[in-house]
There are 10 protein chains.
Amino acid sequence: MTEPSRDLLETFDNPYSDRDYVVETVCPEFTSMCPKTGQPDFGTLTISYVADQKCYELKALKFYLQQYRNHGAFYEDVTNRILDDLVATLAPRWMSIVAEYTPRGGLSTSVTVEFEGSTDDAAD
Amino acid sequence: MTEPSRDLLETFDNPYSDRDYVVETVCPEFTSMCPKTGQPDFGTLTISYVADQKCYELKALKFYLQQYRNHGAFYEDVTNRILDDLVATLAPRWMSIVAEYTPRGGLSTSVTVEFEGSTDDAAD
Amino acid sequence: MTEPSRDLLETFDNPYSDRDYVVETVCPEFTSMCPKTGQPDFGTLTISYVADQKCYELKALKFYLQQYRNHGAFYEDVTNRILDDLVATLAPRWMSIVAEYTPRGGLSTSVTVEFEGSTDDAAD
Amino acid sequence: MTEPSRDLLETFDNPYSDRDYVVETVCPEFTSMCPKTGQPDFGTLTISYVADQKCYELKALKFYLQQYRNHGAFYEDVTNRILDDLVATLAPRWMSIVAEYTPRGGLSTSVTVEFEGSTDDAAD
Amino acid sequence: MTEPSRDLLETFDNPYSDRDYVVETVCPEFTSMCPKTGQPDFGTLTISYVADQKCYELKALKFYLQQYRNHGAFYEDVTNRILDDLVATLAPRWMSIVAEYTPRGGLSTSVTVEFEGSTDDAAD
Amino acid sequence: MTEPSRDLLETFDNPYSDRDYVVETVCPEFTSMCPKTGQPDFGTLTISYVADQKCYELKALKFYLQQYRNHGAFYEDVTNRILDDLVATLAPRWMSIVAEYTPRGGLSTSVTVEFEGSTDDAAD
Amino acid sequence: MTEPSRDLLETFDNPYSDRDYVVETVCPEFTSMCPKTGQPDFGTLTISYVADQKCYELKALKFYLQQYRNHGAFYEDVTNRILDDLVATLAPRWMSIVAEYTPRGGLSTSVTVEFEGSTDDAAD
Amino acid sequence: MTEPSRDLLETFDNPYSDRDYVVETVCPEFTSMCPKTGQPDFGTLTISYVADQKCYELKALKFYLQQYRNHGAFYEDVTNRILDDLVATLAPRWMSIVAEYTPRGGLSTSVTVEFEGSTDDAAD
Amino acid sequence: MTEPSRDLLETFDNPYSDRDYVVETVCPEFTSMCPKTGQPDFGTLTISYVADQKCYELKALKFYLQQYRNHGAFYEDVTNRILDDLVATLAPRWMSIVAEYTPRGGLSTSVTVEFEGSTDDAAD
Amino acid sequence: MTEPSRDLLETFDNPYSDRDYVVETVCPEFTSMCPKTGQPDFGTLTISYVADQKCYELKALKFYLQQYRNHGAFYEDVTNRILDDLVATLAPRWMSIVAEYTPRGGLSTSVTVEFEGSTDDAAD
């Protein structure tokens with residue numbers, strides 16, 4: 001099985017790049033595999049960002065996320081990796097990802113990662 | 001099909017222009033067309049603003065928003081455009097629009113835009 | 001039909017005037033008339049304040065608000081007017097009113113007004 | 001503007017026609033036009049049925065329902081008409097449609113229609 | 001002040017009178033006066049019916065219900081009276097009204113009335 | 001401390017005694033004392049009934065229920081007793097009381113009692 | 001570790017044994033051990049019954065249920081066993097137990113058991 | 001890719017086969033593939049049954065359901081097929097499966113299937 | 001009837017006095033008497049504090065609050081008084097009390113009081 | 001019975017130690033014993049932290065928390081102790097624990113503790 005690749009992400013030009021505004025996408029259908037038990041994990045990803053020059057295209061984002069369906073990855077790894085892939089592709093002014101996983105063994109875990117670019121003077 | 005025009009917006013004099021106060025209007029019945037697929041999109045707009053000299057008239061706002069019913073526009077475009085139209089018409093001290101769209105392909109997207117005028121010394 | 005009068009408001013001495021504390025009263029049964037259409041409007045008022053020397057008496061507040069039942073007034077007007085009446089009567093250290101109206105034509109509107117007195121050094 | 005046509009509906013063979021089972025489809029994005037005011041109406045359709053020989057195809061159902069987007073029709077008419085179209089196309093053992101419309105003038109209306117075929121001896 | 005009159009109700013021909021189907025209208029903005037205390041009462045009316053030959057027109061229903069705004073009536077009276085007015089005007093196959101009033105003195109009261117016509121053989 | 005007495009209950013003539021209809025009163029502020037521990041109990045009473053010739057007056061019902069404030073009684077006793085008092089006073093066609101008590105020791109208890117009169121032929 | 005014993009249950013005389021009424025007790029703090037994995041299970045028990053001559057005492061019921069805290073038992077076993085113990089002790093006219101367990105491995109399980117005595121002629 | 005097989009299901013002896021009782025298992029993490037688009041579908045399965053001689057083992061049920069993860073199947077097919085597999089393996093007295101799928105194209109679909117065995121005289 | 005006394009409060013030594021941490025206790029069963037009408041009031045108290053050297057004992061807190069059961073006091077008075085009693089007994093680094101009362105005459109009132117000690121350098 | 005030991009906790013290397021990100025684990029199945037009454041307590045723990053070099057392993061965390069099942073400890077003690085154990089084992093940049101216990105005697109209590117490390121310059 002091949003590794004998930006950021007090459008599947010596609011972008012389009014930010015139509016209002018002179019203004020800081022937030023786009024938030026909620027994906028309640030994220031699933032990956034636990035590398036330890038081989039069992040599927042399920043979670044909801046909430047991706048928020050302030051675009052600089054590029055916005056992500058939603059259908060391509062969906063295909064990118066589906067690559068994790070049969071990919072083994074720990075919670076902490078996969079959330080940080082998705083942030084890295086999106087930041088590398090979009091170079092956003094700011095981005096945050098919250099990943100909330102369903103309970104396992106009576107414990108529910110979420111991971112929140114954030115990329116702080118340069119929103120402060122972005123629109124100047 | 002003609003373009004949505006800000007000319008449909010109507011205003012009345014702010015009856016308490018010496019005070020900063022917030023008016024918020026929620027429109028859960030916003031709909032436009034996806035320019036790519038030709039399919040209808042649905043969303044809830046939440047418009048908040050601090051009026052300076054002018055307030056928007058609600059019935060005219062409704063007619064203005066209904067212009068998007070058969071108009072093709074991406075999420076990011078339409079939200080920013082409505083902000084531009086309202087700011088141009090009202091010259092408010094502050095305004096924000098949150099547009100929350102219903103899920104497509106398992107992904108739900110919202111767009112939050114903000115206009116920062118001069119609320120700080122507005123009532124001075 | 002006579003105008004609503006602030007004379008119906010009654011006060012009692014703030015029993016703990018050396019301390020800043022917040023009293024909040026929610027009135028989900030506020031109703032007035034639209035001056036344009038002659039149709040009734042319905043809303044929920046949330047009044048919050050930090051009393052200085054006087055607190056409002058609740059039964060009198062109820063009678064004061066009932067004066068608007070058959071009175072024509074726009075959302076922005078009536079909310080600001082009630083704030084003015086209460087501030088004039090109580091001289092509070094701080095007060096805020098949030099008026100949330102039920103939907104008309106698919107649009108729901110709320111108005112938030114605030115009076116900033118001198119809470120910072122109020123208890124000094 | 002042409003009339004909505006049941007010809008857009010498509011069916012496939014019921015894969016388990018020897019068993020009575022219920023399929024329910026919820027469409028929270030239904031919209032039509034009020035023939036009196038020319039204003040858009042919005043509602044949620046819930047279609048439930050026990051198929052006999054044919055099931056509806058979901059994408060075609062979506063296109064069928066989108067025909068009402070710019071079509072003028074009263075609540076009672078449109079709900080009964082959709083039932084008639086689906087019953088004529090599917091000849092189901094049983095079908096029910098609940099249409100819940102958003103509030104207008106402070107009043108919310110729903111319409112519930114039902115087609116009773118022959119579920120009792122259907123699987124005999 | 002004049003008595004509420006059923007003459008304000010208007011009807012239109014049931015477009016599908018050969019089928020029993022249910023129309024339900026929710027009015028969360030009903031208000032009347034307590035004849036004992038002179039204080040306003042507030043409630044939510046839910047009217048459900050199976051039309052025979054006539055359906056009520058919604059705007060006229062709204063005006064009919066607004067007649068109670070300044071009319072004194074006990075909960076039990078007003079609910080039964082509205083049922084009587086609607087039954088006399090529509091001659092429905094079946095009708096039910098649920099009136100849920102907001103709390104007074106820590107007690108919340110609802111009244112449920114029903115008219116049973118002849119739904120069983122209605123569509124025969 | 002005196003025993004709670006049904007003499008505090010007051011009635012008025014059922015204005016629509018030729019029709020079976022349901023009146024429901026919810027009292028979320030019921031409190032009594034545990035006879036074993038001397039500690040206060042708290043619960044919500046929901047009283048529903050079909051009146052025959054008499055309806056209960058709400059303010060008197062409130063005073064009747066307040067008699068239990070400092071009265072010691074087990075859950076099962078007090079619920080059945082209130083039913084007996086109301087049935088004896090109103091002679092209703094049907095009555096039910098649901099008493100839901102707040103948790104004690106991690107256990108929440110409710111008691112549901114019912115009086116079945118003669119609703120079937122009541123309106124004949 | 002000793003087996004849970006029904007001897008810890010205590011009863012008192014049903015104060016209204018000539019009337020069928022329902023007592024429901026919700027225990028959201030039930031816990032036992034999985035006999036296979038040795039891991040704790042957690043669930044909410046809802047016990048409902050119509051008493052004949054005896055009611056259970058709540059504090060003793062709590063102690064009876066706490067016996068399962070370190071006792072290994074499958075979901076199906078423990079729910080049926082508690083029903084058997086309560087029926088043997090109370091000889092109720094009717095009883096039902098619903099046990100809803102928290103998710104394990106992404107699956108949530110509940111067990112519903114019922115004892116049908118002789119409620120029909122119980123109060124005759 | 002191999003077909004999902006009912007051989008992965010495991011059973012254990014019903015410990016209380018002389019009593020009809022209901023076991024319900026909710027699986028909010030069911031996922032399969034749309035055979036038309038190749039896109040993943042997500043849903044919640046609720047399986048309820050009255051066991052006769054055999055109960056399903058939960059961990060084996062989980063593995064059985066995971067077989068559909070990369071298997072293409074329409075909603076109607078997969079729900080009926082799972083019912084057939086479970087009925088063939090358990091020979092239950094009664095079983096029902098409700099499958100609720102997440103929205104696609106603005107439409108949410110659920111499928112409810114039921115197997116009626118012989119619960120009536122089951123415990124005789 | 002005697003006045004509520006802070007002497008019923010009991011304390012124990014803060015086991016972690018070198019760390020600022022928050023303890024919050026919610027009492028949904030608070031009740032007192034209206035000194036004007038003699039009618040009972042009901043509310044929910046939420047007490048939060050950062051202990052310095054002493055923590056309150058929960059059972060004693062319960063008995064302290066029960067003293068208000070038959071004690072007449074206005075909302076503003078009783079909330080401030082309880083704060084004063086707790087601050088005098090515990091000498092906390094910070095404390096806040098929110099008292100939310102149930103609706104009277106259609107108006108719901110809450111009172112929020114706060115004691116600001118010296119949390120900033122508390123743990124230094 | 002032995003004391004709960006932090007030795008059961010296990011860690012793994014933080015895979016993204018150059019970035020501050022938050023991991024939150026919710027445990028709704030925490031239970032311990034009241035040292036005063038010997039009765040079980042139940043609560044929900046929410047543990048949040050910013051890892052420095054080490055992350056906790058979830059299964060080991062579960063076993064660590066299960067040690068409190070038959071261990072007597074007051075609310076304030078156990079929450080602070082768990083924080084101390086986790087901080088000693090992980091040396092996190094920041095950590096917070098919120099423990100919300102179920103109601104006892106009508107009072108619900110929560111305890112919130114926080115460890116402030118050096119998040120500010122952590123990722124520099």
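Biologist: Leaving aside neighbours within four places in sequence, which residues is Tyr49(B) in contact with?

Modeller: In this predicted model, Tyr49(B) is in contact with Val23(B), Leu90(B), Pro92(B), Trp94(B) and Met95(B). Two residues are in contact if their C-beta atoms, placed from the backbone, lie within 7 Å.

Biologist: How are residues and chains labelled, and which pLDDT limits apply?

Modeller: Residues are numbered from 1 along each chain as its sequence is written, while chains are lettered from A and ligands numbered from 1 in the order in which they are written. Local features need pLDDT of at least 70 and side-chain atom pairs count only at pLDDT 80 or more, whereas totals for chains, interfaces and linings use all residues.

Biologist: Which residues have the most contacts inside the largest nonpolar core?

Modeller: They are Tyr49(A), Tyr49(B), Tyr49(C), Tyr49(I) and Tyr49(J), in a core of 139 residues. Apart from that core lies another, of 136 residues, which includes Phe30(D), Ala99(D), Ile47(E) and Leu90(E). A nonpolar core is a set of buried Ala, Val, Leu, Ile, Met, Phe, Trp, Tyr and Cys residues joined through C-beta atoms within 7 Å. A residue is buried if 20 or more other C-beta atoms, placed from the backbone, lie within 10 Å of its own.

Biologist: Turning to chain D, what does S2(D) pair with in its own chain?

Modeller: S2(D) pairs with strand S3 (residues 40-50) of chain D in the antiparallel sense, over 10 bridges. Val26(D) stands opposite Thr46(D). The two strands form a hairpin with six residues between them, and Gly38(D) in the turn has a positive phi of about 75°. Strands (E, at least two residues) and helices (H or I, at least four) are DSSP runs, numbered from the N terminus, and two strands pair if DSSP finds at least two bridges between them.

Biologist: And how many bridges join S3(D) to S5(D)?

Modeller: Eight bridges join S3(D) to strand S5 (residues 94-101) of chain D, and the strands run antiparallel. Ile47(D) has Ile97(D) as its bridge partner there.

Biologist: How many residues does the contact take from chain D and from chain H?

Modeller: The contact takes 15 residues from chain D and 13 from chain H. On the side of chain D, S2(D) gives the most, with seven residues. That side divides into nine nonpolar (Ala, Val, Leu, Ile, Met, Phe, Trp, Tyr, Cys and Pro), one polar and five charged residues; Asp, Glu, Lys and Arg count as charged, and the others, Gly among them, as polar. S2(D) also pairs with strand S6 (residues 108-116) of chain H, antiparallel over five bridges.

Biologist: What about chains C and B: which strand of chain C pairs with S2(B)?

Modeller: S6(C) does, in the antiparallel sense over five bridges, with Val111(C) as the bridge partner of Val23(B). The contact takes 13 residues from chain C and 16 from chain B. S6(C) gives the most to the side of chain C, with seven residues.

Biologist: What rotation superposes chain C on chain B?

Modeller: A rotation of 72° with 0.0 Å of shift along its axis does so, with RMSD 0.0 Å. That is the relation of a five-fold axis. Copies are superposed by least squares on the C-alpha atoms of residues with pLDDT of at least 70 in both.

Key
A residue is buried if 20 or more other C-beta atoms lie within 10 Å of its own, exposed if 12 or fewer, and partly exposed in between; C-beta atoms are placed from the backbone.
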